[in-house]
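Have the viewer open as you read.

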Amino acid sequence: MGEGSRYGILVGVDGSRESAAAVRWAALEAQLFGVPLTLMCVVTPVSVRWPVGPLQETISEFERQNAEQALNSAREEALSVSAAGKSIDVRAELQRGPTLPALIDASKEAQMTVVGSRGMGTVKRLVMGSVSTGLVHHAHGPITVVHSRSGELPDSGLPILLGIDGSPASEAATAVAFEEAARRGVVLLAAHVWSVGYGIPLEGADLRGYEQQAEETLAQRLAGWQERYPNVDVQRHVEFDEPARWLVEKSRTAQLVVLGSHGRGGFTGMLLGSISSAVAQSVSIPLTVVRPR
């Protein structure tokens, strides 16, 4: 996870409670990896249908002040993490333009991009806002969406949960998950969840054959990684269930879920697989979707 060094850990900032939780999580990540933390706030110019004339300058100044206040608050959040452990190189950047394209472009030069699950402009009922949804579909490299329970992050001693399906996308996710577990010193739960059809076995189906194949897939995908990370305690799970449902349920006792951007059931044009998408919308803890560079 060493690619993209300009921004280090990049976190989108907008002044919301979800953004504050994302900043704290990203600061801990920067601390773990010994890389800079870049706070980025993107000011999207207000679009109105009537002539604003002299008001435009006032509106622009108001937007700038709000953005600077959000960045200052985020810096305080990050420095509070730094004060409790190893110091962090905290940087701030203010950009103008549409938020999502700016963050997608910046993700090309970030080791990881982090955002809160919802932002200031998001309808309360939505689990994920338009920016976080757009990033997990279109950004570059690992994208972490920080879901939090009332702004609180999960216990740092809980396991990392990795979903494996044997695809190239899950191979990239496996690399990230092992590194996260190694640096955090926690257990890695590596799960391969399989089903027949939509999770309901067909009468008379040879379920043992499917199970053996699933066990072989998981063993093959973990073999090389366990040799590279001998100190990571890996607990294997081969489960017969609907994959998204099982992963969401298991996430209740984890601190981070790591998934590939699309799996064996995806096709070339898919930007995010159905399982990753369903899990991203349903978990209540941070989730990392590992996208191609």
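Does Glu179 count as buried or exposed? With a relative accessibility of 16%, Glu179 counts as buried, since the cut-off for that label is under 20%. Please keep in mind that this is a predicted model.

**Within helix α5**
- Glu179 has a salt-bridge partner in Arg183, with N and O 2.6 Å apart.
- The two positions are 4 residues apart in helix α5, so about one helical turn separates Arg183 from Glu179.

**Between helices α5 and α6**
- Glu171 and Arg221 also meet through their side chains in a salt bridge, at 3.4 Å from N to O.
- This pair links distant parts of the chain, with Glu171 in helix α5 (residues 168-184) and Arg221 in helix α6 (residues 207-228), 50 residues apart.
- Glu171 is partly exposed at 26% relative accessibility, and Arg221 is partly exposed too, with a relative accessible area of 28%.

- Arg6 forms a salt bridge with Glu109, and their closest N and O atoms are 3.1 Å apart.
- Because Arg6 sits in the segment before β1 and Glu109 in the loop between α3 and β4, the pair ties together parts that are 103 residues apart in sequence.
- Arg6 counts as partly exposed, with 45% relative accessibility, and Glu109 counts as partly exposed at 34%.

**A salt-bridge network**
- Salt bridges also join Glu29, Glu180 and Arg184 into a network.

**Helix α3 and what covers it**
- Which residues of helix α3 (residues 99-107) are buried? They are Ala102, Leu103, Ile104, Ala106 and Ser107.
- Strands take part in covering these buried residues, among them β1 (9-12), β2 (37-43), β3 (90-96) and β4 (112-116).
- Helix α4 (130-138) is also included in that cover.

Methods
Residues numbered from 1 in each chain as written. Predicted model: local features only at pLDDT ≥ 70, side-chain atom pairs only at ≥ 80, totals over all residues. Heavy atoms only, no water. Buried < 20%, exposed > 50% of the residue type's maximum accessible area, 1.4 Å probe, protein only. Contact = heavy atoms within 4.5 Å. Salt bridge = Lys/Arg side-chain N within 4 Å of Asp/Glu carboxyl O.
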